[in-house]
Amino acid sequence: MTVTKTGAGVPLYDHVAVYAAAKSRIDAAIARVLASGRLDWGEEVPAFEAELSDWVGAAHAVTVGSGTGAIKAALKALGVGPGDEVITVTNTDIAGSSAIRFVGADVVWVDIDPATRNIDVAQTEAAITPRTRAILPVDMYGHPADLHALRALADRHGLVIVEDACLALGAEIEGLKLGTIADVTCFSFAPTKHLGAFGSAGACVTEDAALAERLQMVSAYGQSRTRHTANFAGGGAGLFHETDGLNERMDEIQAAILRAKLPDLDASLAIRRAQAARYGQRLAGAGIDLPGEHGPVRHAWRNYVVELDDRDAVRAQLGDIGVGTNTPYAPPMHLQPVYADLGCRPGSFPQSERSCARLMGLPLGPHLDLEDIDRAADALLAVV
Ligand SMILES: Cc1ncc(COP(=O)(O)O)c(C=O)c1O
């Protein structure tokens, strides 16, 4: 894939450049959907699901309207609800915690392993109670959580795992892409993700055919997709809603765009990995905590997230010279106003808080080349 840069500086993202790199395919995909007259319930969604499950190496993929929707649908499809507890982390996007509360369950946060910034397995085990139904690990910034250990723990205690892999499409453990270890693995195709839609989109993957069927139903008004498609086409037997459901469907245009972009995903992951390696070489020994790969894993490098003490001052200086940075995700969820009722305070999850206070995402992705990475690294070295 060839991307032409559209401006000076080293931006975190460049949607125009990413669009330009696959413009003819994307334009053709959109035109195909518009000409078909099927903006909904058409052929692009099932075709993308087949291509995605094939790429991931999972048995089933069910597309939804967002990564957040994927987690909500997964919890609902697994029957997690009032009275249940779900263990997750706080140093992340609100999607997991809000989905847990959305289905009526209680969120139970535990702290992270500071090396991977993923859920701490020993603390997860210590947090299990008779009410625990599920574990919701998040593969932070693209580094897989310790899923085999979590799977063993979940199996011992009769729990399900809903994995938030929204930052980790293409990450691997022992040579296998994420998507087959958790009961449901959730992906986001938000525009800044590895495989970005031009709008909101997500997917669940699972090995369980019956669960895939429930995921389809839950994400589409509680009605089976076959039935709804038949009704939509005018040949159905009328409405038949079997369960409470969401309207969390991927639309045909996003599915067609994602189909057009999927063939570039392997190349874009290779670019991300080469850029992360370059940052690692350039920034080693500069007193910055650098991310790495821990265990038999391959990182998916959604961002290159370093940690440093005077983060805010460094960010400001980098911003002044056109190097984009971000702070994904801070402050942590347990300190957000929406969760004040849970009674957490500074100090409740020290490792998560320390990481969130020090982290800084650096530009990385197929809109950049290695010279851009060198420029961003040099800029950072000049200000620390
Ligand atoms: C870790 C994580 N989980 C879930 C989500 C939610 O994805 P979406 O924005 O597609 O709802 C995000 C989005 O950035 C995320 O970073």
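A crossing of two helices is called left-handed if the near helix is turned anticlockwise from the far one by less than a right angle, and right-handed if clockwise. By that rule, α3 and α10 cross in the left-handed sense. The model looked at here is a predicted one, so local features need pLDDT of at least 70, side-chain atom pairs count only at pLDDT 80 or more, and totals for chains, interfaces and linings use all residues. Residue numbers start from 1 along each chain as its sequence is written.

To stay with that helix pair, α3 covers residues 44–56 and α10 residues 252–261, and the two pack at about 35° with their axes 8 Å apart. Axes here are lines fitted to C-alpha atoms, for helices over the stretch in contact, and angles run from 0 to 180 degrees between N-to-C directions. Helices (H or I, at least four residues) and strands (E, at least two) are DSSP runs, numbered from the N terminus. On the α3 side the contact (C-beta atoms, placed from the backbone, within 7 Å) is made by E44, V45, A47, F48 and E51, and on the α10 side by E252, A255, A256, L258 and R259. Sorted by class, that contact has six nonpolar, no polar and four charged residues. Ala, Val, Leu, Ile, Met, Phe, Trp, Tyr, Cys and Pro count as nonpolar, Asp, Glu, Lys and Arg as charged, and the others, Gly among them, as polar.

Next comes the sheet. Seven strands make an open, mixed sheet in the order β1-β11-β10-β7-β6-β2-β3, where two strands pair if DSSP finds at least two bridges between them. On average, neighbouring strands are turned by 25° against each other, direction ignored.

β11 pairs antiparallel with β1 over five bridges, with T63 opposite A203. On β11's other pairing, four bridges join it to β10, again antiparallel, and T185 stands opposite V205. Both faces of β11 are covered, with G202, C204 and T206 buried on one side and A203 and V205 on the other. Buried means 20 or more other C-beta atoms within 10 Å of a residue's own, exposed means 12 or fewer, and partly exposed is in between, with C-beta atoms placed from the backbone. Further along the sheet, β2 (residues 85–88) runs parallel to β3 through four bridges, and I87 sits opposite V108.

Helix α4 (residues 67–77) lies across β1, β6, β7, β10 and β11, at about 160° to β10. The buried residues of α5 (residues 95–102) are A95, G96, S97, A99 and I100, and they pack against α4, β2, β3, β6 and β7. Just past α5, G104 has a positive phi of about 90°.

Around the ligand there are 14 residues, of which G67, T68, D93, A95 and S188 come nearest; a residue counts as near if its C-beta atom, placed from the backbone, lies within 6 Å. This shell has five nonpolar, seven polar and two charged residues.

S200, between β10 and β11, is partly exposed because 19 other C-beta atoms lie within 10 Å, and it touches G65, S66 and A190, not counting residues up to four places away in sequence. M333 lies between α12 and α13 and counts as buried because it has 26 C-beta neighbours inside 10 Å. M333 and T92 are 241 residues apart in sequence, yet 7.0 Å apart C-alpha to C-alpha.

Methods
Contact = placed C-beta atoms within 7 Å.
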